[in-house]
Amino acid sequence: MSLRVVEISGVASVQDLGRLGHAHEGVPTSGAADPLSLRVANRVVGNADGAAGVELAMGRMRVEAMRSIAVVCSSGGRAFEAIELEAGASIEFGPDDGLCRAYLAVAGGLDVPMVLDSRSTLASAGFGGLQGRSLGAGDELPIGGAMRGPSALPSHVRAMLELASRSRVLRVVADGAEAEPPAGLLRVSPKGDRVGIRLDRAGEGNAVETGPSRGVMHGTIQAPSSGELVILGPDGPTTGGYATVGTVIAADLPAVGQLVPGQWVRFEVVGREDARELLVQQRLTLDAAIAPVQ
């Protein structure tokens with residue numbers, strides 16, 4: 001029972017909700033760059049939230065079902081709608097306009113081996129996912145057993161998803177940072193990847209000097225002396241000595257994961273309690289629409 005990659009452009013990998021609890025060993029969380037889209041796709045197809053799916057960045061991909069299965073794409077005209085594929089049928093998907101990534105969830109999840117409590121690919125370390133690497137044409141992805149039938153996604157949750165993934169105002173907690181985040185618009189550099197998203201500052205330098213190495217995380221905004229800002233991604237380092245200007249709140253990480261080079265963003269500082277409440281409300285909205293699989 002598997003899903004076969006027929007054609008692919010861009011970069012695709014197996015991701016779940018990440019490898020938590022190993023940062024002290026120098027292992028980043030990895031996981032979906034837009035965790036909300038993967039979580040919702042899994043709920044719709046009937047999986048547990050943490051089931052592994054395909055993450056595709058900046059390209060197109062066609063996969064063929066080797067048996068009859070239900071899938072959910074995060075993009076296209078049938079986004080977040082369960083689609084039944086008969087054995088031998090295929091589906092093509094890719095990011096919608098203005099978004100960087102698309103996700104494909106499969107009923108039963110992708111059953112690649114667990115490594116350090118996760119099926120997520122960490123390509124820089126060569127483990128997780130399918131043989132620790134990006135996907136290519138001809139790869140066959142094993143599928144697990146389905147947990148429950150698909151569900152329909154209410155329109156208000158679709159609206160929440162649109163806002164979460166397309167927002168270009170990134171809310172930031174600045175507690176513990178060496179400086180405030182800049183107030184103006186910042187352009188997304190073409191040099192971004194799963195390790196970090198770089199933001200151009202129109203030639204401005206970063207006045208804060210590098211300090212002792214300390215813990216950093218997905219969403220931390222570093223300010224290296226080059227003048228760029230770097231929002232660390234899911235495959236980013238776990239420690240760093242660059243000065244920081246804050247951390248993007250968890251509720252806005254989906255928007256960071258969907259940034260496309262050339263887009264403009266700005267920061268808005270919020271308090272720690274506001275950040276927590278925004279994430280709780282995001283989760284409660286989804287839970288009320290489709291209960292999680294226990």
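1. S30 counts as buried, at 4% relative accessibility. The model discussed here is predicted. S30 sits in the loop that runs between β2 (11–15) and α1. Although S30 is not a glycine, its phi is positive, at about 55°.

2. M58 belongs to the loop between β3 (53–57) and β4 (61–65).

3. Helix α1 covers residues 35–45. Of its 11 residues, 10 are buried, so the helix is largely enclosed by the rest of the structure. The buried residues of α1 are L36, S37, L38, R39, V40, A41, N42, R43, V44 and V45. After the helix comes G46, and its phi is positive, near 100°.

4. One packing partner of α1 is helix α4, residues 272–289. The axes of the two helices are 11 Å apart, and the packing angle is about 15°. Angles under 35 degrees count as roughly parallel, and α1 and α4 are therefore roughly parallel to each other. Their crossing is right-handed. The contact of α1 with α4 consists of three nonpolar, one polar and four charged residues. On the α1 side these are L36, R39, V40 and R43; on the α4 side they are Q282, R283, L286 and D287.

5. Another partner of α1 is helix α2, residues 155–166. Here the axes come within 10 Å and cross at roughly 155°. What does this angle say about the direction of the two helices? Angles over 145 degrees count as roughly antiparallel, and α1 and α2 are therefore roughly antiparallel to each other. L36, S37 and V40 of α1 make contact with M160, L161 and A164 of α2. By class, the residues of this contact are five nonpolar, one polar and no charged.

6. The two contacts of α1 can be read side by side. L36 and V40 take part in the contact with α4, and L36 and V40 also take part in the contact with α2. Four charged residues belong to the contact with α4, while the contact with α2 has no charged residues.

7. How many disulfides are found in the whole structure? The search finds zero. A disulfide would need two cysteine sulfur atoms within 2.5 Å. The sulfur of C73 has its closest cysteine sulfur in C100, 16 Å away, which is too far for a bond. For C100, in turn, the closest cysteine sulfur is that of C73, again at 16 Å and too far for a bond. Both cysteines are enclosed: C73 is buried with a relative accessible area of 4%, and C100 is buried with 8%.

8. L185 is found in the loop between β10 (169–173) and β11 (186–188). It is exposed, with a relative accessible area of 58%. Which residues does L185 contact, leaving aside its neighbours within four places in sequence? They are W264, V265 and R266. Between L185 and E64 there are 42 Å in space, C-alpha to C-alpha, for a separation of 121 residues in sequence.

Notes. Residues numbered from 1 in each chain as written. Predicted model: local features only at pLDDT ≥ 70, side-chain atom pairs only at ≥ 80, totals over all residues. Heavy atoms only, no water. Axes fitted to C-alpha atoms, helices over the stretch in contact; angles between N-to-C directions. Helix = DSSP H or I, 4+ residues; strand = E, 2+ residues; numbered from the N terminus. Parallel < 35°, antiparallel > 145°, perpendicular 65-115°, else oblique. Left-handed = near helix turned anticlockwise from the far one by under 90°. Contact = heavy atoms within 4.5 Å. Nonpolar A, V, L, I, M, F, W, Y, C, P; charged D, E, K, R; others polar. Buried < 20%, exposed > 50% of the residue type's maximum accessible area, 1.4 Å probe, protein only.
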